[in-house]
Amino acid sequence: MKPLLLMCLLCDAMLLSAQNLLPPVSDSWEVGRNADGISAFGIVERDGRPAFHVKVKADNAYTFYRSYGEFQPGDYTLSVEVTGESANGLAAEVYSFDKDGKPQLVMLTKTPIGVIGEPMWLHKTFTVPDDSAKLRVSVGLSGKGEGIFAQPILMAGRQPLPSGASKGPALSEAQSKWIADWIWLKDDSGVPRVDFKKTIDLAAEPTSAFVQLTADNAYELFVNGKSIGGDVDWRSVELHDIAAILHKGKNTLEVRVTNFDEGGGLLLQGLVLDAAGGRTEIQSDGTWEIVLPDGQPAALAVLGKVPMAPWGELSFHQVMPPTVCTPKFVEATSRIMAGEVLHYVFIAPDILLKKKVLELKFRFWDATGRETPLSAFNDFVRLVPETRKAYVELATSPYAMPGTYRGEIHGAGLVIPVGEVTILPSATPPPTGFKYPFPSLSNIFKINELETSLCTHSLYSSIEEEHYRSWAETGGHMYEVNLPAAHWTRQNMFASTECEGMLLKILENDPHAGIVLKFRLDTPSWWVATHPDDVFVSNNGRRVLQSFCSEAWRHDALEAICATVRELTARPAGQAIIGVLLMGFRGGEFQLWGEESGEYDCSPVAQEAFSKYLQENMLEKISLPHPALQFPLGPVDEEGAHVRDVYFRFVAERQADNLAYFIREFQRRFGTRYAIGMYFGYGLEYAGSNTRMLLAGHLGLERLLANAPPDFLSCPLSYSLRPFKKSHAFMFPVDSARLHGTIPIGENDVRNCLAPQSEDSSSPTIFSLADTIADNRRIRLFEAAHGAIVRYLALHPTVDWYFDHAIVRSIRQDNEFVKPLMANRIGDDSQVVMAANYLEWTKGWRLPETLFRTFAGNARDTLMRTGRAVSFLTFDDFLTSSQYYVAAVRKWKHALIPLPGLLTDSQKAALEAAYGPLPPINSDDGALLLKDGNWSVLNAAATAEDIWRAFATPEALAAGYDTIWYIGGNFTYSWNGKTLKLHAAPTKK
């Protein structure tokens, strides 16, 4: 380097260091990501300096490093050096927050999509607004990709690029901006749908092909008859990779556009490249064919270019396609058995010698164009400079699907076609999997000849092989693998390539694995575009994905689940699948849209379903929206009270019937081959909020258990009782699930114990490793008392789950610890039962929330302080539980029935018939108590301590209210906030 240039660079570095308003690359930056952030991140060294490393493996995920600060209004310039590869571009963004915390995006800049092999600088000036109270600067990416972010610099004013910095690779006009036209129908008379078609003739097989498009209002894209995707918002522009669908010769593109209002339009632009350097540009213009669904003649209109009214400026996805490289192969695999090694040796061309050879990775596609994982391992790559030979190898999995595949080597901005390879079946047959455990008194079940305690690992956010190996070291053999809604395709099944890859990794580390597929049933944008009348429409006019009243959603979701299960279980790795777990709506737990804000569904399908419900129950017609249902719920007359009672009951019953539909229909197709379960049952937790409780739909759990009990029922442990000094509790009547043959799952999601800079939004974070291990033990004791599976899930910003070896060891020890423990025998004389009157709680709007919180919500925790074993049941099961009892008893001795003022006359009569006359009950009483066979009432002024004193044993009274008791069939422990004490030791097996 010339002395003058070196001095300039040194001066630049010193100047930037002095002016940089951001902290240096370090742990002082926070990490932000969404729940689907299947990510790995950390700080690496780049040219002797620390840099942020971010890796994302999910299309619908985002992960950013963030720095916060207060800045005066005015102009600022952000710069950061980046390299990497991404599906949506490596990004730098800045948000401003006002004093109320309202965010405003003030700057966003991204690299072109694809490979940035040589360092380039993201560099942009922005303005901090006058009302800014705080600024958030972020670097990272959304969607699949991996990036290195070095030297993030924020300076006041408008600043030039650092000396010698590159703005990045040169792009053609078609790659860098819109050149396509908006097109539509001439003489538009309000037709609801217009189809656009275009045929392109390719001289060679494509190596890279992308199209980006949007349409007013919604579109669905087809390539060679195959649906690629769609969207319902013309403001967003989607990018689609179509290389695997195209072929040499004639290819057809079709876009079906649906218009909801006046004036439609389509905007599309694409680029196709081949190995010989051939280039085909695609754009919407006057050459497209236009077709109306009814066959009437139509003429195309070219409306103009971006920006034009009414659409204005639109985002454009710059794309950097990889360079196609065809080196001379010395050795190449064409046919091997699954489990053997793919082996390729070629003479590295000059372009590869200049790149990072270790970035090369294999990709394979079957005859249908489905990308298929063949290995659970990393690729082996080696370059011998003396001979210029590159060795690229891959150990295939014995669970790889046999067949013939088209292979490519990708990485460092290159694509190297390797031709076809045939995978023959493995000589070692894969395992057949095991049955899902069902409720019993034991906390053990067998997998083949192995014993394991009741625990599972949720692979929602794990990414690296080490996570799987670590879990296998815990002695657990059950796994849950996520299939997000973004993977739900137009073929009405879930794209399963990524899922199959996770199955391969699990089985390589644990051939005894049993795997549950976790389906997220929220509909993707193409479905919403296809079913506009099935979208949730709130009483305030807000539209949000599908309605819970949609018959089309229920049908399509079921068919997508079943098709995906059939596809995966036909593959060797799929033989380990033992069940499916359904998730949906807000949070994945079937919480209905709007339940936090008091909004409810008034869509056409909701109106129809509600009218049908009224007819079936011989009730007078009620129109939606209705003034009586407006939150907050104020006083109403008799008619308004009736409307509330009916509507909230409808919400609960409809939600339960939806889930019963999935259970019955899935079992009709698969019998008992696979278990089926779901996230559901938050009624006890929602008791602290009338809005959430009445609109979430979870009060239908009682109906679900009675009519179509699932094989397993999953729910996190209580949010309100998570802080370390409190206990934990189930959000649903866990022992009712057991009575109905449903195995309960509780989630051990103590988060972020190793990252004090981050907090979990749902509760105070446990920062201490010692407290975390102690908390894990308490959760295991609590769930062992009810024969429940423990799900291990943690969203940790730098670890991604319980990856710390001390925690792995503690989980292994806990697994052994709980094996001899027996669950409580429901109905033993010393027990106290909490009977939740779920469906009648739909009238809970009549009572103060404080009553619910004390007697229907936190009473779970209070009863665990009484020194008695506790059973949590629905009210109906309390009345009829003698037919289910594990213990040979006919009546309960001790019971808590919250909110007796909501009991119906028939329920009171049933109680009196079984247990004798009831005392007088007021409408706002807190609880009805049964103690040693005698009734009493706690009024609205009673406290949690009053409940405790009513049932506490002498030992519990002596220990005090702050002591929690964990009591199963053969063990008793207590915990006073500091010490876990053994009172009754479990017997040996």
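Trainee: Is Phe 590 buried or exposed in this structure?

Mentor: This is a predicted model, so what I say describes computed values. A residue is called buried when its relative accessible area is under 20%. Phe 590 has a relative accessibility of 0%, and it therefore counts as buried. Phe 590 is found in strand 40, and its phi is near 55 degrees, a positive value in a residue other than glycine.

Trainee: Which other residue has a positive phi although it is not a glycine?

Mentor: Asn 492 has a positive phi of about 55 degrees, and Asn 492 lies in the loop between strand 35 and helix 5. With 17% relative accessibility, Asn 492 counts as buried, because the cut-off for that word is under 20%.

Trainee: How should I read a salt bridge, and how many does a search of the whole structure find?

Mentor: Side chains of opposite charge can pair when their charged atoms come close. In this model, the search of the whole structure finds 44 salt bridges. One of them brings together the side chains of Glu 480 and Lys 518, at 3.5 Å from N to O. This pair links distant parts of the chain, since Glu 480 is in strand 35 (residues 478-483) and Lys 518 is in strand 36 (residues 514-520), 38 residues apart.

Trainee: Are Glu 480 and Lys 518 buried or exposed?

Mentor: Glu 480 counts as buried at 2% relative accessibility, and Lys 518 is buried as well, with a relative accessible area of 1%.

Trainee: Where do the partners lie in the salt bridge between Arg 571 and Glu 500?

Mentor: The side chains of Arg 571 and Glu 500 meet at 2.9 Å, N to O. Arg 571 lies in the loop between helix 7 (551-569) and strand 39 (577-585), while Glu 500 lies in helix 5 (residues 497-509), so the pair ties together parts that are 71 residues apart in sequence. Arg 571 counts as buried at 8% relative accessibility, and Glu 500 counts as buried at 1%.

Trainee: What is the accessibility of Arg 586, which meets Glu 596 in a salt bridge?

Mentor: Arg 586 and Glu 596 meet through their side chains at 3.1 Å, N to O. The pair links distant parts of the chain, with Arg 586 in the loop between strand 39 and strand 40 (589-591) and Glu 596 in the loop between strand 40 and helix 8, ten residues apart. Arg 586 has a relative accessible area of 24%, which means that this residue is partly exposed. There is also a network, in which salt bridges that share partners join Arg 649, Glu 653, Asp 657, Arg 703, Glu 840 and Lys 843.

Trainee: Which residues form a negative surface patch?

Mentor: Glu 620, Asp 637, Glu 638 and Glu 639 form that patch. Asp 637 has its place in the loop between helix 8 (604-616) and helix 9 (638-670).

Trainee: How do I read a helix, taking helix 13 as the case?

Mentor: An α-helix has 3.6 residues a turn, so residues three or four places apart point the same way. Helix 13 (residues 769-784) has 16 residues, and the distance from its first C-alpha to its last is 22 Å, close to the 22 Å expected at 1.5 Å a residue. The buried residues of helix 13 include Thr 772, Asp 775, Asn 776, Ile 779 and Phe 782.

Trainee: What separates Tyr 674 and Lys 435, in sequence and between their C-alpha atoms?

Mentor: Tyr 674 and Lys 435 are 239 residues apart along the chain, and their C-alpha atoms are separated by 7.6 Å. Tyr 674 sits in the loop between helix 9 and strand 41 (675-679), and it counts as buried at 4% relative accessibility. Trp 892 is found in the loop between helix 17 (875-880) and strand 47 (894-898), and Trp 892 counts as buried at 2% relative accessibility.

Notes
Residues numbered from 1 in each chain as written. Predicted model: local features only at pLDDT ≥ 70, side-chain atom pairs only at ≥ 80, totals over all residues. Heavy atoms only, no water. Patch = residues over 30% accessible without salt bridge, like charges linked within 9 Å, V, L, I, M, F, W, Y side chains within 5 Å. Areas by Shrake-Rupley, 256 points an atom, 1.4 Å probe, with all protein chains shown as cover. Salt bridge = Lys/Arg side-chain N within 4 Å of Asp/Glu carboxyl O. Lys, Arg positive; Asp, Glu negative; His and termini not counted. Charge placed at Lys NZ, Arg CZ, Asp CG, Glu CD. Helix = DSSP H or I, 4+ residues; strand = E, 2+ residues; numbered from the N terminus. Expected span 1.5 Å × (residues − 1). Buried < 20%, exposed > 50% of the residue type's maximum accessible area, 1.4 Å probe, protein only.
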